[in-house]
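Have the viewer open as you read.

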Amino acid sequence: MPHDVTMPQLGMAQDAGKIVAWLKAPGDPVTKGDALFEVETDKATMEVEAQEGGFLTAVTAAEGEDVPVGAVIARISDSAEDDAGPDAPAAVTGSDTPPASAPTSGADDLPEGTSVTMPQLGMAQDSGLLVTWLKSPGDPVAVDDLLFEVETDKSTMEVPAGQDGYLLATLAEAGEEVPVGEAVAIIGDSEPEAPIARARGAAAAAAPKAEADPAPAPAETSPKPAREQSKPAPAPRAVGGRILASPKARRIAREQGLDLNRLAKAGHPQPFHVRDLDSLRALPDTAAGSQAGSQAATRSLTAKVATDGFAAFAGWAKEAHGLTDADALLAGLAGANLPAPCTVAVTRLGQTRQFAVPPGRALSRVEPVSATPEETPSSPDLVLRDLRGGSIRAVAMGGEDHPVLTVMSDDTGLTLTLETSPNQMDADAAITLLTNFADCMEQPLQHLL
Amino acid sequence: MAKTKTNTEDYLRMYRQMVRIRTFEDNANQLYLSAKMPGLTHMYSGEEAVAVGICEALTDDDRITSTHRGHGHCVAKGAEFKEMFCELLGKEEGYCRGKGGSMHIADQSHGNLGANAIVGGSMGIATGSALRAKLQGNDDVTVCFFGDGATAQGLMYEVMNMAALWKLPVIYACENNGYSEYTKTDEIAAGSITARAEAFGIEAHQIDGQDVLAVNALTRKLVDRARKGEGPFFIELMTYRYHGHHVGDINREYYRSKDEERDWKDNRDPIVRFRAYLVEEGIASEDEIEAMNAEIETDAREAVAYAEAARYPDVSEVDMHVYAD
Amino acid sequence: MREITLSQAVNEAIAEEMRRDPTVFLMGEDVAEAGTPFKVLSGLVEEFGTDRVLDTPISEPGFVGLAVGAAMTGARPIVDLMFGDFIYLVMDQLCNQAAKQHYMSGGKLTVPMVLRTNMGATRRSAAQHSQSLQALVAHIPGLKVAMPSSAYEAKGLMKTAIRDNNPVVIFEDKLMYQDKAPVPEEEFLIPLGEAHVKRAGDDITLIATSSMVQVAEKAAEMLASDGISAEVIDPRTIVPLDEATLLASVKKTSRAIVIDEGHQSYGVTAEIASRLNERAFYHLDAPVLRMGAMDVPVPFSPALEDITVPTPEGVAGNARKLCAGEMIDAA
């Protein structure tokens, strides 16, 4: 049985060795214990002995070459002719262990071709969710053909093939999170006989075996959860900074819909503890109090948009992504310009629905906070009042508990009015919010990315 | 070669066990060299007559404590290749379920109380095992294996003092292979090693650790006497390790010469010597010995292949065995 | 119920277990005729003889090592370490050997031994005979750590520890040996990992170990006169720790002070406070406070020594601040 000769692991912190000289030539007979080659490592040169008798064959590493530890560099065979040729010897000794890859390459049995990698889409994005494949393994593809669809922090987009050829392999499945820069597909020139489709998890699980990794690395076989379970409630924000309150006081305030801001505005000493919530409950009626406080100092901004692109966008989102809740999309677009996570209420014809916009602000992850419109569990960060299709053309409602963004329509397009009090939103934030939202309403698709 | 009453079966078993140790180590070294084994390992090659000579004088009820250079003790005390290679590779079926590895390898069911990676760390355990035997009226004996380097640890003097005070059935087996890691023993040990034990009134012997029959004969005598309450005893076994302190210690000419290594291998190898003796005495033929060697070689290869393919422990085992029920 | 001293309670526990199980034996410096300097073990050698009550040389690593070996091969040794400060001497045997044998052997070896030692300052014994080093051993997986707070706990925990199949370290407060408490005549055991609510209360939880339980109880008395209702909980063992009982109390009171006589930094108090913080955060109405010994070697002079350990006044003062919602000064 042929025996592989590998670059031995010699020093304590060594991962490669340089072959100084071969002491036997291909075809030479060798006896167990014969010095085969000389290797330099850790500043010392030493001779490596044959572990088996036979004939030296299939020498693949030349003198002067640096070879990683464990790499096969020759073979000791039963005859001088055996396997002498350009083929690399099988990588693993005797047993029926599956063949390992050359240590320099991370891939195992993948076809040759050009890799298509997960693109970097957002600014601070390190992975993308593979939503769906638009081509199947084996399909011919053209340079501009859309290959797959990916969801990142802001939205979903389609990634083109980038070259002509055949899709030889897909390396991740729909639903898997793939790090930016990692290969997700391989495209080659010729039509494959056996195109490959596999999950990213499968590749990760196979890797340690191929590299004889000593650690029983827990294979990450399942993709990361695609949806975040929590629906973060808005943290109370201080007038001029952070409110100091105990964790318990904060939790109870959140659960009972008490606004710690009001206690702060009332000048109650901080930090707030649970007992201070009694003082908060004892404050004068909420609506009256805040109206009185904010009426005097209302900001009002109005934007005009020539076309309402939202309906088309909602149709597309439903078609392409199964996002059927147009209000959630609307809330998501509006919430995209607020500090995340945030809550946006959409109110129309006397009905209010509240939506949690998660960090990352992916439209597909905007979730209704409560199923029944009557219940509004906590105060929203923004109210979006949708008066489209009605006869109102302008509003000046004055200050309310929350910033209110009113959307109206007529023949000339949309009119958007943002009303807020200074302590709810500063001027820059208000301008940014309205500008961006107006752009989004006009051309939602363009502003997705 | 010490002369003892011929006992074919015992002799062949001793030879076989020595070859099993050498073969195990050769395969372990290969696993390391080819980067298939996690971590490092300390080779016992060259010292086989010590472990085998002593353990062949013990029963399964007798205990031993082993060291970081413990594969030899483990084999000699009755362990199997398959579970040993599994342990070496950190696999579930290893003797310690992959939690110990090379430095803690032990087949506990044959009285091996574990290999200890703290130099001299097991001296208290071995002496405590002997104390338990005495307190409970059992006649088992405990052998404490350690190296010349461990004679520099204070614990040795504390426990030898108590063992001598209480006449405990423990035998301190000092495997003097001439080097305390990368330093000549002469440079770390003042005076005589046996004199250290004698200071406590412990009977001490120095013996050729490359002569398995001599080691076995002496151990048998001392074990018998220890069972009768005449312990403790101390043996200094003069031996040699063929490899470096561990498998990564390859460039060692700064502390010992290749000529010295060659001399021990060529002229004092315990297996070569005992094989010649067996043939000379007509106990086994060359062919029989070759067949035995080949069979052991095959066993080892199969065990390695088995261990390579064996499963790692499930990750749920990571916090198992921290506490006993 | 009869009252006995903590010293008598320990003695009774060991004697009962030695009668029950012939594999139990006792070893240490001056444990036989002398019965230890604190006279805790007096009388045992008369009943059990020098075969089972062994006086050892002054070789702490040596005899703890012997105990590990005896435990691994079928005995149940109780080792007496005369002062808790000597734990530093036996660290290898305790932490590298006793604690890891079960794990390193994949569950095949066990080390059923008890190391009984002591802790506690204000005995005018200076820096090397006054330390409370429970945090050191509690840090090591594989060791259990018990801290009896009275004669009752001392007896029940000792008996359980002797029967446990793991190395258990018991810290007795050397100032409490003569303190009396009601202890039933009939046999009883206290499970390891079961906290005891010493006093129920609603406003703040005082979690205290060993000697500090008395301190916490006195503080609770003082607080009661101010109208603050303090709950006092003794975890009894810090490994395993009865987290559930501690969490339930803190979720109820929403405030906690953790008191232990070890040095405050990186100590038992820090560990418990941290767990409360992690697992009861949204129930906390005040920061969880640690109160341990000052981070200084224990001084000899009474004028200095007495201010290094938590006092009832100090605990009550901090409790009042927490209940009043005052900010705790970092300085």
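This is a predicted model: local features need pLDDT of at least 70, side-chain atom pairs count only at pLDDT 80 or more; totals for chains, interfaces and linings use all residues.

Helices (H or I, at least four residues) and strands (E, at least two) are taken from DSSP runs and numbered from the N terminus.

**Chain C as a whole**
- Chain C contains 12 helices and 14 strands.
- Its radius of gyration is 20 Å, close to the 20 Å that the globule rule gives for 331 residues, so chain C is as compact as a globular protein of that length.
- Along the principal axes, the C-alpha atoms of chain C fill a box of roughly 60 × 45 × 40 Å.
- Buried residues make up 57% of the 331 in chain C.
- Among contacts in chain C with a separation of 6 or more, 79% are between residues 24 or more positions apart.

**Backbone points to check**
- Most peptide bonds are trans, and most residues other than glycine have a negative phi.
- In chain A, the peptide bond joining A:Gln270 and A:Pro271 is cis, with omega about 0 degrees. A:Pro271 sits in the loop between helix H3 (260-265) and helix H4 (276-282) of that chain.
- In chain B, a cis peptide bond links B:Gly231 to B:Pro232, with omega about -5 degrees. The loop holding B:Pro232 lies between helix H9 (212-227) and strand E8 (233-238) of chain B.
- B:Arg97 is not a glycine, yet its phi is positive, at about 55 degrees. B:Arg97 counts as buried because it has 21 C-beta neighbours inside 10 Å, and the cut-off for buried is 20 or more.
- C:Arg124 also is a residue other than glycine with a positive phi, near 60 degrees. Its loop in chain C lies between strand E5 (114-119) and helix H6 (134-138). With 14 other C-beta atoms within 10 Å, C:Arg124 is partly exposed.

**A helix pair in chain B**
- Helix H2 (residues 48-55) of chain B packs with H9(B) at an angle of about 35 degrees, and their axes are 8 Å apart.
- The crossing of H2(B) with H9(B) is right-handed.
- On the H2(B) side, the residues in contact are B:Ala49, B:Val50, B:Val52, B:Gly53 and B:Ile54; they meet B:Val212, B:Val215, B:Asn216 and B:Thr219 in H9(B).
- Sorted by class, the contact of H2(B) with H9(B) has 6 nonpolar, 3 polar and no charged residues.

Conventions
Residues are numbered from 1 along each chain as its sequence is written. Chains are lettered from A and ligands numbered from 1 in the order in which they are written. The radius of gyration is taken over C-alpha atoms; the globule rule is 2.2 Å times the number of residues to the power 0.38. A residue is buried if 20 or more other C-beta atoms lie within 10 Å of its own, exposed if 12 or fewer, and partly exposed in between; C-beta atoms are placed from the backbone. Two residues are in contact if their C-beta atoms, placed from the backbone, lie within 7 Å. Axes are lines fitted to C-alpha atoms, for helices over the stretch in contact, and angles run from 0 to 180 degrees between N-to-C directions. A crossing is left-handed if the near helix is turned anticlockwise from the far one by less than a right angle, and right-handed if clockwise. Ala, Val, Leu, Ile, Met, Phe, Trp, Tyr, Cys and Pro count as nonpolar, Asp, Glu, Lys and Arg as charged, and the others, Gly among them, as polar.
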